Amino acid sequence: MKFYIVLFSLYLLVIYNLHSKISVSKLSKLNNPWSIAFINDNEILITEKRGKIKLFNINEKKLSSISHNLNVNSQGQGGLLDIVYKNDRVWISYSEKISSSLSTTSIATSEFNVKDLKFTNIFQSVPPINSGFHFGSRLVLKNNYIFASIGERGKGMIAQDGSQHPGSIIRIHKDGSIPDDNPHYLNRNSWLPEIYQIGLRNPQGLELSHLDDHLYTTNHGARGGDFFGKVFFGGNYGWKILGWGGKNYSGTYIGPKWKEGFNKAIYYWVPSIGISSFVIYKGEEFSYLNGQAIIGSLKYETLYSINFFGKTTVSRPEILLQNVLGKIRDIEIHPKTGKIFVISKEYLWLLEKK
């Protein structure tokens, strides 16, 4: 018993020490934000789930709105989702309203303008589905490609059907055209040509690592089974054949945590933490976190770090902050200072070293 008391005391001490290194400032109140993207050292683009695009000036602490022409379905878990910026151009993922009952996860792009964004769709997940669940979605720019995570809309085994987009990671060119070296053209002829990987449930994190130039993802399990793992060309994470350690919400068995023939994640959470977005840290502000994955939790309102790179066994994630920021939705690193910017359900936060 004494051993466990000492162990728990050390665990609390680690949490205290990590908390004591981070100063937290509230920058702006928001309305259910979903994503943030830097356009320069001083300005941030923010999407709000209900359909607003905002521009925040860090120095002036000023928040303004940018109009747009997207047909957004914000019912259920849908809405404006991820936003990325590069070289005076913006890409956005969103749940698009197709009819009175049908919606899908779409990607659009626009030349940047601080007043009005005129988006053109470059991708539309098929088929459109009557569901308010599991749209995904995160975007990553890599060279001339754009990768996107597409949720399986609560339809389970659709994630094993490569002739449909839900439950996949896709790769297209930044103009929407399809790369001729995608899995469809090489060894996955039954897959749609945009699909890069299948077998995901609701992947709400997607990042390119500066450590190895590979993509990594975070994915919601059901009642348990959230995970962090690498994205694989032509790969399959197994949903809904695999349960990743979780169960259906009814309590019934889904499938094994993992088995041969499927990709294996780097780390699983059971029970689920309500995993959201993440970054792989690179910067001077928190140099002790360099190379670690900084992961957000909606359910436990916690910011975790995982020291994963080059390790065969990953130890328990460290808790950086808990019950401070609220339900964490997105995380970004300032491009020059390395300070961490976080959005929760209501606010934009700044994390600095003390």
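Asparagine 236 counts as buried in this predicted model, because its relative accessibility of 15% falls under the 20% limit. The residue is found in strand 18, which covers residues 235–236. Two further residues, leucine 55 in strand 4 and aspartate 82 in strand 6, are described below, together with an open sheet of 5 strands and the two pockets whose volumes are about 950 Å³ and about 780 Å³.

**Asparagine 236**

- The side chain of asparagine 236 makes a polar contact of 2.8 Å with the side chain of glutamine 160.
- Not counting residues up to four places away in sequence, asparagine 236 touches Gln160, Gln197, Ile198, Gly199, Phe262 and Asn263.

**Aspartate 82**

- Aspartate 82 is found in strand 6, which spans residues 80–86.
- Its relative accessible area is 6%, so aspartate 82 is classed as buried, the limit being under 20%.
- The side chains of aspartate 82 and serine 35 are joined by a polar contact of 2.6 Å.
- Beyond four places in sequence, the residues that aspartate 82 touches are Trp34, Ser35, Trp91, Ile92, Ser93, Ser137, Arg138, Leu139 and Asp330.

**Leucine 55**

- Leucine 55 lies in strand 4, made up of residues 53–57.
- With a relative accessible area of 7%, leucine 55 is buried.
- Leaving aside neighbours within four places in sequence, leucine 55 is in contact with Ile39, Glu43, Ile44, Leu45, Lys62, Leu63, Ser64, Ile66 and Val114.
- Serine 131 is 76 residues from leucine 55 along the chain, and the C-alpha atoms of the two are separated by 30 Å.

- Strand 4, which holds leucine 55, belongs to an open sheet of 5 strands in the order 2-3-4-5-9, with mixed pairing.
- The edges of this sheet are strand 2 and strand 9 (116–117), each of which pairs on one side only.
- Strand 5 (residues 62–68) and strand 9 run parallel and are joined by 2 bridges.
- Histidine 68 stands opposite leucine 117 in strand 9.

**The largest pocket**

- About 950 Å³ of space lies in the largest pocket.
- Its lining has 35 residues, and Leu141, Glu207, Leu208, Glu332 and Ile333 lie nearest the centre.
- Six strands each supply at least two residues of this lining: strand 2 (33–38), strand 6 (80–86), strand 11 (136–142), strand 15 (202–208), strand 20 (275–280) and strand 24 (328–333).
- Sorted by class, the lining of the largest pocket has 15 nonpolar, 9 polar and 11 charged residues.

**The second largest pocket**

- The second largest pocket has a volume of about 780 Å³.
- This pocket is lined by 34 residues, of which Gln77, Asn202, Gln204, His220 and Leu298 lie nearest its centre.
- Strand 2 and strand 15 are the elements that give two or more residues to the lining of the second largest pocket.
- By class, the lining of the second largest pocket has 8 nonpolar, 15 polar and 11 charged residues.

Note on methods:
Residues are numbered from 1 along each chain as its sequence is written. This is a predicted model: local features need pLDDT of at least 70, side-chain atom pairs count only at pLDDT 80 or more; totals for chains, interfaces and linings use all residues. Side-chain values use heavy atoms; hydrogens and water are left out. On a 1 Å grid over the protein atoms alone, a cavity is a set of points where a 1.4 Å probe fits but cannot get out, and a pocket is an open set with protein on both sides within 12 Å along at least five of seven lines; lining residues have an atom within 4 Å of a point. Grid points are joined across faces, edges and corners, and a volume is the space filled by probe spheres set on the points. Helices (H or I, at least four residues) and strands (E, at least two) are DSSP runs, numbered from the N terminus. Ala, Val, Leu, Ile, Met, Phe, Trp, Tyr, Cys and Pro count as nonpolar, Asp, Glu, Lys and Arg as charged, and the others, Gly among them, as polar. Buried means under 20% relative accessible area, exposed over 50%, partly exposed in between (1.4 Å probe, protein chains only). Contact means heavy atoms within 4.5 Å. A polar contact is a pair of N or O atoms within 3.5 Å; within protein, one must be able to donate a hydrogen and the other to accept it, and residues adjacent in sequence count only if both atoms are side-chain atoms. Two strands pair if DSSP finds at least two bridges between them.
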